[in-house]
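Good morning, colleagues. Please take a moment with the sequence and the model before I turn to the aromatic pairs and the strands.

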Amino acid sequence: QQVIDYIQQESANYKHVLETFELLYDNIDVINNGSQVQLTSRDGNIYVVNIESYIQQEIRQHCANLLK
């Protein structure tokens, strides 16, 4: 949940998709090794959003620190 919260706060791509499509979604998943987010809308459509590389790096670093 912390990763998803971080993406929601920091990703311009994520925010752009929400604003452009006025998207109301029921589910969000991090997919493809943290490089994308999959949003499932309330009407069942699926949107895949690329996550910026700097956010991917932050997530990887955070996960690496958890394993130490």
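Let me begin with a definition: a residue is called buried under 20% relative accessible area, exposed over 50%, and partly exposed in between, using a 1.4 Å probe and protein chains only. The model is predicted, so local features need pLDDT of at least 70 and side-chain atom pairs count only at pLDDT 80 or more, whereas totals for chains, interfaces and linings use all residues. Residues are numbered from 1 along each chain as its sequence is written, and side-chain values use heavy atoms, with hydrogens and water left out.

I turn to the aromatic pairs. Rings of Phe, Tyr and Trp (its six-membered ring) pair if their centres lie within 6.5 Å; planes under 30 degrees apart count as stacked, over 60 as edge-to-face, and the rest as tilted. How many aromatic pairs does a search of the whole structure find? The search returns two. One of them joins Y14 and Y25 in an edge-to-face arrangement, with 6.4 Å centre to centre and 80° between the planes. Y14 belongs to helix α2 (residues 12-21) and Y25 to strand β1 (residues 25-31), so this pair ties together parts that are eleven residues apart in sequence. Here helices (H or I, at least four residues) and strands (E, at least two) are DSSP runs, numbered from the N terminus. Y14 counts as buried, at 3% relative accessibility, while Y25, at 21%, counts as partly exposed.

F21 and Y47 form a tilted pair, at 5.4 Å centre to centre with 40° between the planes. Because F21 lies in helix α2 and Y47 in strand β3 (residues 46-50), the pair ties together parts that are 26 residues apart in sequence. F21 is partly exposed at 48% relative accessibility, and Y47 is partly exposed at 22%.

Next, the strands. Two strands pair if DSSP finds at least two bridges between them. β1 and β2 run antiparallel and are joined by six bridges; D29 has Q38 in β2 as its bridge partner. These two strands form a hairpin with four residues between them, and N32 in the turn has a positive phi of about 50°.

β2 and β3 are also antiparallel, with five bridges joining them, and L39 has Y47 in β3 as its bridge partner. Their hairpin likewise has four residues between the strands, with G44 in the turn at a positive phi of about 95°.

Finally, is strand β2 largely enclosed or open? Five of the six residues of β2 (residues 36-41) are buried, so the strand is largely enclosed by the rest of the structure.
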